[in-house]
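These are my notes from a first reading of the structure. I began with the terms and then looked up one element after another.

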Amino acid sequence: MAKTPAPIGATPVRPLWQRLLLRRLKFLVIVAVVLGAAAGGVYLFAPQLLLKADAARMAMQAHVEKKTVVAGDTTWSYYEGGQGPTIVLLHGFAANKETWLETAKGLTDHFRVIAPDLPGWGESSRNDSGDYGVPAQAARLDAFATAVAPQHFLLVGQSMGGAIAGVYAADHPDRVAALALVSSLGLTFKENDFVRDVKAGKNPFLFDNREGLEALLARIFTKPPHLPGRIEDALVDRNKTDRAFIERTFAELKQPEQAYALDPILGKLTMPVLGIWCHDDKIIDASALDTLREGLKNTSSIGATTLNGCNHMPMLEKPDETARIITGFALAH
């Protein structure tokens with residue numbers, strides 16, 4: 001039987017598969033619009049959620065999971081992942097465990113990696129009247145290490161975390177198999193602009209606006225990361241929230257007995273020690289490596305590595321190289 005022709009001017013009926021495809025495409029467009037609007041809303045009104053989402057993305061890439069444990073007077077938040085010998089990574093001042101995620105990507109294939117928020121920082125708990133100087137933090141670290149780490153582990157500390165790691169290693173040589181200090185606080189070094197500003201009463205880690213944040217980033221990175229405006233605002237708000245704690249802790253750390261906490265105890269370190277510095281560190285000058293080498297009288301092995309193209313944060317600016325250096329040191333000891 002011949003088909004009945006469609007009336008003149010009538011819209012042709014599309015085949016079923018075309019109608020289904022168009023419905024699917026319309027649905028996807030609507031979803032994309034809704035998600036775009038939601039993302040835009042989060043960016044404008046809750047940018048801190050984007051910071052958390054990015055941290056979760058990096059943690060997934062590094063094959064680590066976020067965990068918590070109560071140890072001593074602190075509820076510790078930390079990342080853990082990978083299998084093999086244990087490496088514990090300690091972050092620096094006014095930072096958090098996320099600073100290690102890029103480097104952790106190069107470690108978890110061969111090591112069990114643990115990166116905590118030090119007490120008072122990040123998502124770990126804080127006692128507003130507590131002492132968060134180097135000796136007190138080293139004491140807290142013992143409770144954490146007892147809870148999550150085996151008897152022997154490689155301890156790595158950056159900046160303030162380096163001073164804490166060094167003090168802990170001197171007090172617990174039976175626990176620390178090897179020690180790596182990255183741009184570490186606690187050692188005498190050649191005076192620079194950062195030290196002169198601190199002596200003049202300035203605290204470079206405090207800022208009230210985007211310009212202040214960008215000035216700090218320019219000070220600690222060779223190539224400061226470009227951050228969207230609302231992400232900068234979220235970091236400014238976080239800094240304002242932590243202002244009193246940052247001020248109080250910075251005042252403790254700049255006292256000579258803490259700023260140079262490692263100088264008098266280097267001779268007590270018997271485990272292998274590695275120093276990792278950026279050649280152009282504008283916060284803790286690379287001349288600290290000389291103090292480290294000269295002070296290590298009883299260690300079984302001394303290593304020193306200087307990186308080019310980075311400043312105070314090699315684990316962020318040179319994460320692959322930092323991971324390779326730590327890997328080589330761990331495998332050798």
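Before the entries, I set down one cut-off: a residue counts as buried under 20% relative accessible area and as exposed over 50%, and in between as partly exposed. I also note that the model is predicted.

Entry on proline 135. I looked up the place of proline 135 and found this residue in helix α4. Its relative accessibility is 53%, so proline 135 counts as exposed.

Entry on helix α5. I traced α5 over residues 160–171, twelve residues in total. From first C-alpha to last, α5 reaches 17 Å, close to the expected 16 Å. I asked how many of its residues are buried. The count is eleven of the twelve, and I recorded α5 as mostly covered. Among the buried residues are Met160, Ile164, Val167 and Tyr168. The elements that cover them include the strands β3, β5 and β6, and the helices α4 and α9 also take part in this cover.

Entry on the sheet. I read the strand order as β1-β2-β4-β3-β5-β6-β7-β8, an open sheet of eight strands with mixed pairing. β1 (65–71) and β8 (302–307) each have a single partner strand and stand at the edges, so one side of each lacks a neighbour in the sheet. From one strand to the next, the twist averages 20°. I followed β1 to β2 (residues 74–81) and found antiparallel pairing over seven bridges. Opposite threonine 68 I noted serine 77, in β2.

Conventions
Residues are numbered from 1 along each chain as its sequence is written. This is a predicted model: local features need pLDDT of at least 70, side-chain atom pairs count only at pLDDT 80 or more; totals for chains, interfaces and linings use all residues. Side-chain values use heavy atoms; hydrogens and water are left out. Helices (H or I, at least four residues) and strands (E, at least two) are DSSP runs, numbered from the N terminus. The expected span of a helix is 1.5 Å times one less than its number of residues. Buried means under 20% relative accessible area, exposed over 50%, partly exposed in between (1.4 Å probe, protein chains only). Contact means heavy atoms within 4.5 Å. Two strands pair if DSSP finds at least two bridges between them. Axes are lines fitted to C-alpha atoms, for helices over the stretch in contact, and angles run from 0 to 180 degrees between N-to-C directions.
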